[in-house]
Amino acid sequence: MPGMNRQAEKVQPSPSPTPRKAERGHPDAEVTGDVPPRKVYVELTTECNLDCAMCIRSSWDTPGGTMAGETFRNLVEQLADLPSVDTINLSGFGEPMSHPQFFDFVEQAKRAGLAVEAVTNGLLLDESAAGRLIDLGLDRLIVSVDGISADTSRGLHDGTFGRVAAHLKALHRLRMVRQAARPEVGIEFVATRRNIHELPRLRSLGLVLGFRSILVTNVIPHTRELADEILYRRHSTTSRPARPSPTNPVVDLPQLDAHSPAGPVVDRLRSVGAPLRVNGADVSGTGPYCRFVHEGRFAVRWDGQVSPCLALLHDHGYYFRGRARRVRAYHVGNVQEAPLARLWAQPAYRAFRGRVRRWEFSPCIHCGGCDLRETNDRDCTDDTPPRCGECLWAAGIVQCP
């Protein structure tokens, strides 16, 4: 890369691969509304160098593990038969940089012509690791930051911000010295009642720490203690796309001060599904929207199991509106037993994607609650699992990079 002056004993830059050309078409897309696969999330390991109270691992019923080199190699090779997939995201529910073959996996994916992203807590991002990621041409690095002070990060990434900030600053400096455009750095901020006030201060650190974006997502309370920290007790998510009509007229607003009495009024309008515009821009939302299905994304667990999304990789539990809920994992197959192209095209998986696009689920996330909400096995309209009516991702409450 331009500006590199590396010593011979250090990792050499990978040869520039020929970028994959994403195929956006699909033989029957006009009929089914289906889209081709475009992005795969790969869980390299469930191991982590932290033990956070907020982590999904605190609610698991089954043990995790670490992806074998052969499994990852099979996965990358199989992606050649899905040329529409142009991005691989190394994340899941562990620390990907703790995998002993992490850098080898990044290199394999880059050689295959894939854009490569990695999500990390940033603690293993020392100067040596930063240099290797620049050498390998990692496209995007997303660093999880859940509070700047020790008090606001308590129960999340306890007291880690100082070390993470130092690593980000060193990476930023190294990129400038080498005139390296990659990796682009982003922040993932898990918002709670305790830390949300620090978001403006975090934003102001972009110039110093070198990040270009902040993805804000809500905390998922996997423990009862965290249930009081959520910011979506009265969330503003419409149950269906908001379309103007005589019974639901569009409200076209000017710019308003969110701290004025207008703030709660706008929030109330959004919560009841009013079509809203601010200075001509639509801000009303689109109702339930699964980015995994609508945008051609899927996930692969550490053992090769394939799921439609990250939320369905593992059995787990969480609390919503004060009540415990269990999510059963849903797998469509394993890359060790069948190629990805076949798994993506199988009738059962395609039927599930169709149900999600048409949103054939009960409005559980808006409902006062019933016993059927205890798991995602069935709802009051059907017993074909998984049922996604209470999906926090589709509701826009939780976001993934």
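## Exercises on burial, salt bridges and sheet order

Asp-135 is buried, at a relative accessible area of 2%. Buried means under 20% relative accessible area, exposed over 50%, and partly exposed in between (1.4 Å probe, protein chains only).

The model is predicted: local features need pLDDT of at least 70, side-chain atom pairs count only at pLDDT 80 or more, and totals for chains, interfaces and linings use all residues. Residues are numbered from 1 along each chain as its sequence is written, and side-chain values use heavy atoms, with hydrogens and water left out.

**Exercise 1. Describe the protein as a whole.**

Step 1. Count the secondary structure: there are eleven helices and 14 strands. Helices (H or I, at least four residues) and strands (E, at least two) are DSSP runs, numbered from the N terminus.

Step 2. Take the burial: 51% of the 401 residues are buried.

Step 3. Take the contacts (heavy atoms within 4.5 Å). Of those with a separation of 6 or more, 74% are between residues 24 or more positions apart.

**Exercise 2. Why do the buried residues of α3 line one face of the helix?**

Step 1. List the buried residues of α3 (residues 102-111): Phe-102, Phe-103, Phe-105, Val-106, Ala-109 and Lys-110.

Step 2. Look down the axis of α3. Its buried residues fall within an arc of 160°, so they line one face. The arc is that of the directions from the helix axis to the C-beta atoms.

Step 3. Recall the helix geometry. An α-helix has 3.6 residues a turn, so residues three or four places apart point the same way.

Step 4. Find the cover. It includes α2 (69-78), β2 (87-91), β3 (115-120) and α4 (127-136).

Step 5. Check what follows α3: Gly-113, with a positive phi near 85°.

**Exercise 3. How many of the ten residues of α4 are buried, and what covers them?**

Step 1. Seven of the ten are buried, so α4 is mostly covered.

Step 2. Name them: Ala-129, Ala-130, Gly-131, Leu-133, Ile-134, Asp-135 and Leu-136.

Step 3. Their cover includes α3, β4 (140-145) and α5.

Step 4. Look just past α4. Gly-137 takes a positive phi of about 75°.

**Exercise 4. Which residue meets Asp-135 in a salt bridge?**

Step 1. Apply the criterion: a side-chain nitrogen of Lys or Arg within 4 Å of a carboxyl oxygen of Asp or Glu. The partner is Arg-178, at 3.0 Å, N to O.

Step 2. Check the burial of Arg-178: it counts as buried, at 6% relative accessibility.

**Exercise 5. Trace the salt bridges around Arg-353.**

Step 1. Start with the total: the structure holds 21 salt bridges.

Step 2. Arg-353 pairs with Asp-34, and their closest N and O atoms are 2.7 Å apart. The pair links distant parts of the chain: Arg-353 is in helix α11 (residues 347-358), Asp-34 is in the loop between α1 (29-32) and β1 (39-43), and 319 residues separate them.

Step 3. Check accessibility. Arg-353 is buried at 1%, and Asp-34 is buried at 4%.

Step 4. Widen the view. Asp-34, Arg-350, Arg-353 and Arg-357 are linked in a network of salt bridges.

**Exercise 6. Is Asn-89 buried or exposed, and what does Asn-89 touch?**

Step 1. Locate Asn-89: strand β2. Its relative accessible area is 0%, so Asn-89 is buried.

Step 2. Leave out residues up to four places away in sequence. Asn-89 then touches Lys-39, Val-40, Tyr-41, Val-42, Glu-117, Val-119 and Pro-401.

Step 3. Look for a polar contact. The side chains of Asn-89 and Glu-117 are joined by one of 2.8 Å. The term means a pair of N or O atoms within 3.5 Å; within protein, one must be able to donate a hydrogen and the other to accept it, and residues adjacent in sequence count only if both atoms are side-chain atoms.

**Exercise 7. What is the strand order of the open sheet?**

Step 1. Read the nine strands across: β6-β5-β4-β3-β2-β1-β10-β11-β14, with mixed pairing. Two strands pair if DSSP finds at least two bridges between them.

Step 2. Find the edges. β6 (213-218) and β14 (333-334) each pair on one side only.

Step 3. Strand β11 (residues 305-307) runs antiparallel to β14, joined by two bridges. Val-306 stands opposite Gly-333 in β14.
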